[in-house]
There are 2 protein chains.
Amino acid sequence: MALYVYKFGGTSVGTVERIKVVAEKVKKAHDAGDQIVVVVSAMSGETNRLVGLAKEMQAQPTERELDVLLSTGEQVTIALLCMALHNVGCEASSYTGSQVKILTDSSFTKARIRDIESAKVHADLNAGKVVVVAGFQGVDELGNITTLGRGGSDTTAVALAAALKADECHIYTDVDGVYTTDPRVEPKARKLDKITFEEMLELASLGSKVLQIRSVEFAGKYNVALRVLSSFTEGKGTLITYEESQMESALISGIAFNRDEAKLTITGVPDLPGIAFKILGPIADANIEVDMIVQNIADDETTDFTFTVHRNDYQKAKALLENICTELGARKVTGDDNIVKVSIVGVGMRSHAGIASTMFKALADERINIRMIATSEIKISVVVDEKYLELAVRVLHSAFNLDKQANV
Amino acid sequence: MALYVYKFGGTSVGTVERIKVVAEKVKKAHDAGDQIVVVVSAMSGETNRLVGLAKEMQAQPTERELDVLLSTGEQVTIALLCMALHNVGCEASSYTGSQVKILTDSSFTKARIRDIESAKVHADLNAGKVVVVAGFQGVDELGNITTLGRGGSDTTAVALAAALKADECHIYTDVDGVYTTDPRVEPKARKLDKITFEEMLELASLGSKVLQIRSVEFAGKYNVALRVLSSFTEGKGTLITYEESQMESALISGIAFNRDEAKLTITGVPDLPGIAFKILGPIADANIEVDMIVQNIADDETTDFTFTVHRNDYQKAKALLENICTELGARKVTGDDNIVKVSIVGVGMRSHAGIASTMFKALADERINIRMIATSEIKISVVVDEKYLELAVRVLHSAFNLDKQANV
């Protein structure tokens with residue numbers, strides 16, 4: 001007998017029919033003898049409807065009251081799912097965040113989980129019941145209703161799995177797992193059976209929006225085995241877990257890319273201490289997020305400084321940078337908003353040399369010019385012209401044999 | 001400085017605009033220096049929408065889960081009303097039933113209030129805040145969400161008023177008070193300034209559906225001054241309170257009527273002990289509610305037994321009664337489903353003789369035949385042919401001078 005936490009997002013519980021499908025899936029696992037805790041989101045569309053109502057009342061809705069309002073979304077789903085479970089003869093009880101209880105701090109709309117009381121859940125599980133918990137919500141020490149912010153239901157599921165010492169936490173989504181890259185770009189993209197938390201974090205932050213970063217971090221921290229599966233098809237999905245020995249032979253796990261990048265360069269900057277802050281300080285003050293940063297010493301002992309921003313922020317960042325250029329007495333500002341970032345990710349690169357050169361050679365063979373390079377322990381990112389995106393992804397996918405099962 | 005509990009029903013908070021109107025009304029009272037607790041229902045239509053969803057999941061929705069589901073209705077309203085109050089610069093905090101907390105028994109869908117913790121509410125009021133409480137819901141000792149059943153928001157308001165020792169409990173509805181009779185039947189019907197709890201109970205149960213009987217009983221029991229007012233117009237409404245000396249001169253407070261009545265008579269019943277039970281037992285077993293009951297001894301020492309039922313139950317009751325007739329060896333069953341009940345209600349009849357004869361004379365003068373009579377301490381009901389309903393109400397309204405202010 002194993003204990004699983006299942007999480008179903010808004011799309012998976014978006015209609016009466018889909019809730020019934022979820023109930024059948026849960027009943028099947030329960031009938032097989034496993035203990036099942038289900039975490040659900042609000043039915044898709046419901047949160048937007050409620051936010052719409054709130055904004056009609058108040059342009060900037062009071063956050064405490066917004067949480068009272070939004071938390072009703074999941075409360076509706078837990079009740080309906082329990083009814084659907086009862087309807088197929090499966091015993092189940094629902095719990096709101098405050099009923100469990102999921103204790104959070106008092107940061108309304110973006111609360112952090114502090115503690116989970118699991119006694120009631122264990123009691124119900126031991127009595128043979130399925131336990132259905134509202135995702136996304138908790139309660140602070142004063143009894144105020146809180147919500148966890150975007151992706152909060154994933155966080156609830158992982159935190160519950162940690163608190164209950166569950167065998168696995170299953171995140172059911174509309175994709176059937178984590179792929180080596182986006183199948184819309186490389187049809188040979190292959191579903192991964194396993195991936196490490198660190199790789200998943202790099203892939204997620206680079207655009208594979210399967211899981212919320214926060215829940216992956218949480219799962220890594222508390223060592224919760226996380227599995228991504230499809231709500232709509234059968235299959236084992238992708239298991240996200242700690243690095244294991246047999247994983248080592250896989251050099252690269254996946255290829256991520258970001259389309260909406262732009263890069264800015266300021267050249268001929270006097271090479272003085274604090275120059276990076278003087279350049280990036282005003283950019284940060286304008287709430288513009290900076291991604292890659294590269295600094296080179298030029299021949300004349302001035303510095304060339306390049307960074308990337310989201311394409312939407314390009315014009316604003318460029319204008320700011322031109323002011324900075326004048327202030328610093330730098331040479332000039334250049335920029336390009338027709339670039340993309342392509343990254344290879346894999347824990348294997350820690351112990352294997354030559355991965356970077358394999359990457360650069362593969363791109364060079366196709367005459368894809370690399371505009372920028374940045375590396376981390378398990379990731380190498382390059383900036384290339386936008387027109388090369390698909391080609392670069394496919395070339396790298398092939399160069400690292402990602403279409404073939406790595407370790408079998 | 002007075003402490004008021006205001007209750008607004010589903011129609012009064014049915015749209016964003018109406019919630020804003022409620023916020024203005026509450027702010028005005030708060031600005032005038034009064035302490036205000038607001039109890040709200042779900043937005044009109046919301047409860048039906050949720051019940052509809054529940055029935056799609058399960059023909060007979062599990063009651064515990066139905067309460068989890070339905071309680072979201074009021075939770076949405078409290079959050080929206082607080083936002084609307086903040087929007088007009090009025091400090092306010094929302095509370096669900098479990099947050100207050102409103103402790104109930106565990107009878108899901110029809111829970112009874114056991115206790116109300118008023119500490120948080122008083123603290124907020126003393127801090128100058130308006131307190132907004134979700135009606136209709138509570139929490140049992142185990143932390144399960146419960147609902148109070150039909151009219152539960154009125155009950156919440158009255159119970160809160162009792163617990164907080166409020167000066168008055170205002171029930172805002174779509175009528176501006178309690179009338180001497182239905183103005184659609186008698187245009188001369190007059191709004192009453194005051195009425196006793198007992199009279200209100202008789203009027204409510206007879207069809208003046210302004211207030212839920214249970215909340216009036218509750219208000220009477222805990223001596224909560226209850227005022228019925230309109231959400232949409234100004235005015236002092238009707239105060240429902242204990243009998244006071246100056247009320248005594250009003251003989252009759254109002255005239256109630258029920259349209260959907262039917263009567264059944266079984267004649268020639270052998271007059272033996274237990275005969276009433278033998279006749280009414282099978283009727284009750286079939287879940288048919290019996291209203292008036294009259295029994296007469298006939299000349300031949302048999303009994304004639306007559307009772308009224310809701311018109312929808314007439315055919316079913318008649319069939320049952322015909323079986324009973326055969327079993328008991330009674331003479332025959334007759335019936336009439338074209339009848340109505342008209343009642344005069346007033347605490348004054350306790351101390352004044354001749355009220356019944358005034359009633360009967362007024363009806364006789366118009367040749368309205370009385371088919372049945374039943375009396376209680378503060379009420380006289382007659383059954384007449386349906387066609388006489390309006391005439392009877394108007395004649396009695398005039399006979400008891402109800403169109404004129406009674407005690408000024």
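**Entry 1: α11 and α12 of chain B**

I looked up the packing of helix α11 (residues 355–365) of chain B against helix α12 (residues 389–399) of chain B in this predicted model: the angle is about 130° and the axes are 9 Å apart. Axes are lines fitted to C-alpha atoms, for helices over the stretch in contact, and angles run from 0 to 180 degrees between N-to-C directions. Helices are DSSP runs (H or I, at least four residues), numbered from the N terminus. The angle makes α11(B) oblique to α12(B); angles under 35 degrees count as roughly parallel, over 145 as roughly antiparallel, 65 to 115 as roughly perpendicular and the rest as oblique.

I noted that α11(B) passes α12(B) in a right-handed crossing, a crossing being right-handed if the near helix is turned clockwise from the far one by less than a right angle, and left-handed if anticlockwise. On the α11(B) side I found B:T358, B:M359, B:A362 and B:L363, which meet B:A392, B:V395, B:L396 and B:A399 of α12(B). Contact requires C-beta atoms, placed from the backbone, within 7 Å. Ala, Val, Leu, Ile, Met, Phe, Trp, Tyr, Cys and Pro count as nonpolar, Asp, Glu, Lys and Arg as charged, and the others, Gly among them, as polar.

**Entry 2: the pair in chain A**

I then turned to helix α11 (residues 355–365) and helix α12 (residues 389–399) of chain A, which pack at about 130° with axes 9 Å apart. These two helices, α11(A) and α12(A), are therefore oblique to each other. I found a right-handed crossing of α11(A) past α12(A). The contact joins A:T358, A:M359, A:A362 and A:L363 of α11(A) to A:A392, A:V395, A:L396 and A:A399 of α12(A).

**Entry 3: chain A against chain B**

I looked up the contact between the chains, which takes 26 residues from chain A and 26 residues from chain B. On the chain A side, α1 (16–31), α2 (46–57) and α3 (63–87) each supply at least two residues. I noted that α3(A) gives the most to that side, with 14 residues. The side of chain A that touches chain B has 15 nonpolar, nine polar and two charged residues.

**Entry 4: domains and conventions**

I recorded domain 1 (3–173) and domain 2 (254–399) in chain A, with bounds from an automatic or database domain assignment. Their C-alpha centres lie 40 Å apart.

Residues are numbered from 1 along each chain as its sequence is written, and chains are lettered from A and ligands numbered from 1 in the order in which they are written. In this predicted model, local features need pLDDT of at least 70 and side-chain atom pairs count only at pLDDT 80 or more, while totals for chains, interfaces and linings use all residues.

Terms used: Contact = placed C-beta atoms within 7 Å.
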